[in-house]
Amino acid sequence: MRVAGAVAGLMENRDLARIFSEIADILEIQEGNPFRIRSFRRAAQIIRDLSFNGAHASQEEPEKLRSISGIGEGTISKIREIAETGRSQEFEDLKREIPPSLLTLLELQNLGPKKIRLLWKTLNISTIDELEKAAREEQVRSLPGMGGKSEAKILKAIEAHRLLQGRFRLDDGIEVCQGLMDYLRLKVKVKRIAAAGSVRRRRETVGDIDILVTCESSAEVIDAFTGYSDVKEVLAKGDTKASVVLSRGLQADLRVLEDESFGASLQYFTGSQAHNVALRERAKRMGYKISEYGLFRLDNGGEKDPPEKVAGESEEDIYRLLKLSLIPPELRENRGEIQKAETGRLPDLIKLGDIRGDLHMHTKATDGRNTIQEMAAAGIQAGYQYIAITDHSKALAMARGLDEKRLLDQIEEIDRVASQISEIHILKGIEVDILSEGELDLSDEVLSRLDVVIASVHSRFNLSRKEMTLRICRALENPNVNILAHPTGRLLTRRAPYPVDLEQVIKTARENRVCLEINAYPARLDLSDVHCRMACDQGALISINSDSHNLQMLRYIEYGVFTARRGWLEAKDVINTFPLEELTRVLKKEEYGER
DNA sequence: GCCGTTTTCGGCCCGACTGTTTTCAGTCG
């Protein structure tokens with residue numbers, strides 16, 4: 001049966017994508033054909049964003065893959081080989097030609113394949129620790145093209161890398177967790193199963209995966225769990241708990257519970273720790289104690305009597321007995337949610353269904369993969385009332401950004417497409433680059449013809465905090481600007497945010513009726529939850545945008561909603577929950593919410 | 001490796017920045 005096969009170990013898109021991406025990495029270090037390398041990277045990207053399982057498709061309906069531009073016969077046969085044998089011969093061969101740890105060095109900022117090859121061939125450096133030692137001992141400066149500053153930069157990059165290690169993107173966590181839970185459901189008879197921990201709280205990165213389960217036979221489910229095809233190492237295996245390391249390096253914990261304590265355990269293992277500590281303190285003041293087994297009343301009966309269990313089956317009961325409204329997992333960070341829940345004043349958090357449109361998407365005109373028509377069709381499918389086409393501007397040469405003339409052409413093109421589609425409104429927009437002094441990359445005259453102008457920083461990340469703040473604020477003062485995209489430029493687990501005074505940026509945005517973006521791409525989630533709340537508290541409006549570069553990416557909007565929820569946002573704080581008429585007034589700066 | 005109104009070979013988005021250079025290689029996006 002197909003489904004069982006899939007569960008037993010069909011390769012996930014992300015794993016496939018990683019193989020392609022690592023082949024590209026190795027070829028690059030080996031100074032292979034740059035165009036072939038680019039093809040592998042492109043394939044990796046496409047596979048990662050597929051809305052169906054690529055391995056399965058390679059076997060059952062290869063034409064579905066073949067129809068995608070950038071996927072050729074070579075890629076399909078490689079996917080099929082991996083789907084059938086679990087490995088790629090070329091990848092295995094390549095891995096034997098270089099120390100595998102070299103690929104880790106690629107994660108360091110400002111270190112690319114050429115320098116890594118040089119370090120490896122001349123100083124025999126293949127690990128981060130060896131590189132750190134060599135930089136400290138000033139050996140790196142002996143190499144051509146390297147000097148004292150290079151050594152300092154390397155040490156800084158190593159420091160940054162260490163800080164970011166050990167956490168995974170939320171979308172990776174959710175995908176792995178979902179796969180594991182689906183497998184357990186099929187493999188054994190589970191009664192209840194749920195994800196807890198930071199996955200359930202929808203934190204932007206997750207450290208490990210926590211799964212809770214109730215079932216008939218605990219031994220059976222533990223065996224199934226440790227026998228999962230993706231398990232690389234079993235760290236612990238007991239009667240009610242097991243821990244494993246999955247092939248991606250992500251740790252997963254399974255806990256087998258009794259039904260009557262499922263809710264208590266879910267509460268306990270969802271955390272956060274800070275939230276739980278605060279909750280336990282409150283319980284104690286009220287004469288209770290909370291553990292993973294339940295909520296217990298302490299002061300009944302005599303000293304010898306065991307505490308009476310008063311709740312445990314559901315989370316609702318526990319919060320209710322503590323005289324709190326049920327706190328959504330996303331808010332459980334001890335950031336004031338318990339106080340609000342006390343008086344029933346928790347925010348009415350935004351939901352995915354509140355989103356009426358997507359205001360940031362790219363097309364084939366620049367670095368997107370689909371046409372205006374196709375993006376509009378995807379918007380209709382998502383149930384949207386409107387979308388905005390916002391391609392790059394000319395400064396982003398790598399994306400073939402639009403100059404004034406091409407933008408004017410695109411405006412006409414959108415009008416033409418819009419005249420043929422009645423189900424959705426297409427707003428005309430641009431993602432315009434903010435140049436180093438805060439000027440915009442396109443003339444005000446052209447920008448003023450658009451419905452929505454998104455301004456972005458894509459270059460010169462290394463300005464001082466003061467310079468960067470000034471630069472961004474200047475751009476926000478341009479009367480044409482509506483939205484500041486990905487305000488800190490971070491890439492989760494890869495690149496720290498550039499230094500910038502966000503409070504000043506938020507203040508300037510509000511004063512100029514500019515909205516701040518939550519870029520929903522799972523590697524960005526920028527603004528972060530915390531900054532999101534900061535913006536909202538200061539009265540700034542938010543736009544949650546997918547930044548889609550292809551049809552599949554529209555679904556990432558959900559991750560923006562997760563972040564918004566963690567940032568305490570309600571629908572009224574987010575402009576793309578507004579009906580078109582109201583949105584238009586905000587974009588024209590005639591109003592700015594009720595603020 | 002992928003692609004094709006330049007179609008089965010011969011191309012393949014390119015400009016800015018940095019640190020090391022004295023004319024440029026490497027990295028980033």
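A phosphate oxygen of DNA strand B lies 3.1 Å from a polar backbone atom of Gly-74, and another such contact, at 3.4 Å, involves a polar backbone atom of Gly-148. Ser-39 places a polar side-chain atom 2.8 Å from a base nitrogen of DNA strand B. A polar contact here is a pair of N or O atoms within 3.5 Å.

This is a predicted model, in which local features need pLDDT of at least 70 and side-chain atom pairs pLDDT 80 or more, while totals for chains, interfaces and linings use all residues. Residues are numbered from 1 along each chain, chains are lettered from A, and side-chain values use heavy atoms, without hydrogens and water.

In all, 36 residues surround DNA strand B, including Arg-38 and Asn-462 (near means a heavy atom within 4 Å). Helix H3 (34-48) is among the contributing elements and gives the largest share, five residues. Helices are DSSP runs of at least four residues.

The model has 45 salt bridges, each a side-chain nitrogen of Lys or Arg within 4 Å of a carboxyl oxygen of Asp or Glu.

| Pair | N to O distance |
|---|---|
| Asp-25 and Arg-41 | 3.0 Å |
| Glu-204 and Arg-490 | 2.8 Å |
| Arg-585 and Glu-591 | 2.7 Å |

Asp-25 is buried at 15% relative accessible area, whereas Arg-41 is partly exposed at 31%. Buried means under 20%, exposed over 50%, partly exposed in between, with a 1.4 Å probe and protein chains only. Arg-490 is buried at 10%.

How values were computed. Polar contact = N/O pair within 3.5 Å; in protein donor to acceptor, adjacent residues only side chain to side chain. Helix = DSSP H or I, 4+ residues; strand = E, 2+ residues; numbered from the N terminus.
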